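Dear colleague,

My notes on it follow.

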Amino acid sequence: MGLGSRLKSLIGEDLLDDIQHQLKEVATQGLDRHLKIAVTGLSRSGKTVFITSLVHHLLEANQSRSLPFFDVASDQRIISVKDLSSSSDSPFPLRQSVQALGQEPPLWPESTTGLSEVKLAIRYKPSGRLQRLINDSATLYLDIIDYPGEWLLDLPLLHLDFAQWCRKQQQLFSVEPRASLAADWSRAQSAIDWLAPADDDALAILSSEYTKLLHVLRNQENALSMIQPGRCVLPGELASSTLLQLFPILNPPADLSRITAGSMYQRLQQRYDDYREQIVKRFYREHFSRFDRQVVLVDCLKALNHGKPCFDDMKLALTEILQSFNYGQSGFLRRLFSPQIDKVLFASSKADHVTANQHHNLDKFLELIIQDAQREMRFEGIDTRCMALASIRSTESAEAVLDGQTISCLKGINKETGETIALFPGEVPVELPTQKDWNSSRFRFLDFAPRKLPQTDLKPTHHIRLDQALEYLTGDMF
């Protein structure tokens, strides 16, 4: 008599079946895994479109072949993907975004302005023989958290006191275009006696003007990235909070030892400390410390188009962001939050706005911008990668003959005019631009309108490298 038959005779067939079922459930739960991926980006970098397209392709992954370099999908091991976002307190507007991209003519979806998330359950067939012996399926619970890059830029405030932050802002506002754009606001500051008793009405007026100034700095015309405090422009649920009545002092008293309680300076200093403790530190303790992987989206082409001030500002912002992840065993963040991020993907968006032979250049150009800080992150055991991608492909490849030579071109709809055009968009530099490059107006990358994103029957031609991004971020979980 076999072991199974003996057990059945001893404890009963129904009870044995129940025990076997429970053991199988325990084993299955052991196979199930959870992963939190945070997605952020500098202003207008395509964060909403990235999440929309990525999730849309994932939800169709068991029916379409649109992700050939995402191994679990190309091996046809995905059984089904279920959207669990309705259980979230702040669900990402996926349906509205897909509808915007799927209408005729398609529209770019509205940008998100606060924290939101997508919750997915990906049911798949395990690849390992041992895993398949335990159970023929497992589930990856994938949370994709969307939050503004401006909030990430607040993190350096945690190790700067108010005086140090003001000095950094003084340096920023001494350089164009900030210096000219902030001239009126700076003059209004110069009339303030910072040692005098606090005047909340005067502070409220200056704070309001500073918030308006930050919006001007980050608008499409100026496209600056280094915006602090981030909550002043994207307040989320804190829109009416007095904690946001905050700004740097550009002409502080020469002798800070003369600062007294209840003075104008001390009132702003206290608000700064409260902002750090109650907003910044709370956000990173409740959210940032729980992220497993991070995506940072960057629009390098926009920065090149807008010239040296915009480019330098983007480079500074990226450096600050990279320091957010530089949390070695003795690092500031390690002591404060115990973060667990082990992979960071820096994604250069709009790869469809350059020809295919320029994608490698776009990869290398982003690496060039962040190479020093990236080296430090790798030393601390954080895996990083730079990748050019397009969440929605807005163009198609074309060819033209010029002086007897065939050149690669792009064909798409001009975002500004609505006309279909074909052009050679230009080359992405593989070295940091020189002053000569900036003076020559070398960079003129055009913006294209989106092409319609189908609701079903998705194909690899609807994106560029989205599958490679998924493989990098999640491939080891399957």
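**Overall description**

Of the 478 residues in the protein chain, 51% are buried, where buried means under 20% relative accessible area, exposed over 50%, and partly exposed in between (1.4 Å probe, protein chains only). This is a predicted model, in which local features need pLDDT of at least 70 and side-chain atom pairs count only at pLDDT 80 or more, while totals for chains, interfaces and linings use all residues. Residues are numbered from 1 along each chain as its sequence is written, and side-chain values use heavy atoms, with hydrogens and water left out.

The protein chain contains 18 helices and 10 strands; these are DSSP runs numbered from the N terminus, helices being H or I with at least four residues and strands E with at least two. Among the contacts in the protein chain with a separation of 6 or more, 77% are accounted for by residues 24 or more positions apart, a contact being heavy atoms within 4.5 Å.

A38 belongs to strand β1, which covers residues 33-41. Its relative accessibility is 0%, so A38 counts as buried. Leaving aside residues up to four places away in sequence, A38 touches I145, Y147, F291, R293, Q294 and V295. A38 and F288 are separated by 250 residues in sequence, yet their C-alpha atoms are 8.3 Å apart in space.

T474 lies in helix α18 and, because its relative accessibility is 1%, counts as buried. The residues that T474 touches, again not counting those up to four places away in sequence, are L35, I37, F70, L142 and R293. With L35 the separation is 439 residues in sequence and 8.1 Å in space, C-alpha to C-alpha.

Two packed helices are described by the angle between their axes and the distance between the axes. Here the axes are lines fitted to C-alpha atoms, for helices over the stretch in contact, and angles run from 0 to 180 degrees between N-to-C directions.

Helix α8 (residues 162-173) and helix α11 (residues 200-217) have axes that come within 15 Å and cross at roughly 50°. That angle makes α8 oblique to α11; angles under 35 degrees count as roughly parallel, over 145 as roughly antiparallel, 65 to 115 as roughly perpendicular and the rest as oblique. The crossing of α8 with α11 is left-handed, a term that applies if the near helix is turned anticlockwise from the far one by less than a right angle, with right-handed used if clockwise. In this contact, W165, Q169 and F173 of α8 meet Y210, L213 and L217 of α11. The residues of the contact divide into five nonpolar, one polar and no charged, where Ala, Val, Leu, Ile, Met, Phe, Trp, Tyr, Cys and Pro count as nonpolar, Asp, Glu, Lys and Arg as charged, and the others, Gly among them, as polar.

α11 also packs with helix α12 (residues 264-286), at an angle of about 55° and with the axes 11 Å apart. α11 and α12 are therefore oblique to each other, and their crossing is right-handed. D200, A202 and L203 in α11 meet M264, R267, L268 and R271 in α12. The residues of this contact comprise four nonpolar, no polar and three charged.

**Backbone geometry**

Most residues other than glycine have a negative phi, and most peptide bonds are trans. The following should be noted against that background.

- E104 and P105 are joined by a cis peptide bond with omega about -5°; P105 is in the loop between α5 (94-102) and β3 (116-124).
- E176 and P177 are joined by a cis peptide bond with omega about 5°; P177 lies in the loop between α8 and α9 (178-181).
- Q76, although not a glycine, has a positive phi of about 60°. Q76 is found in the loop between α4 (71-74) and β2 (78-83) and is partly exposed, with a relative accessible area of 46%.
- D457, also not a glycine, has a positive phi of about 55°. D457 is in the loop between α17 (435-439) and α18 (466-474) and is exposed, with a relative accessible area of 53%.

**Cysteines**

With a disulfide defined as a pair of cysteine sulfur atoms within 2.5 Å, the count comes to zero disulfides. C166 counts as buried at 2% relative accessibility, and C310 is buried with a relative accessible area of 2%.

Yours sincerely
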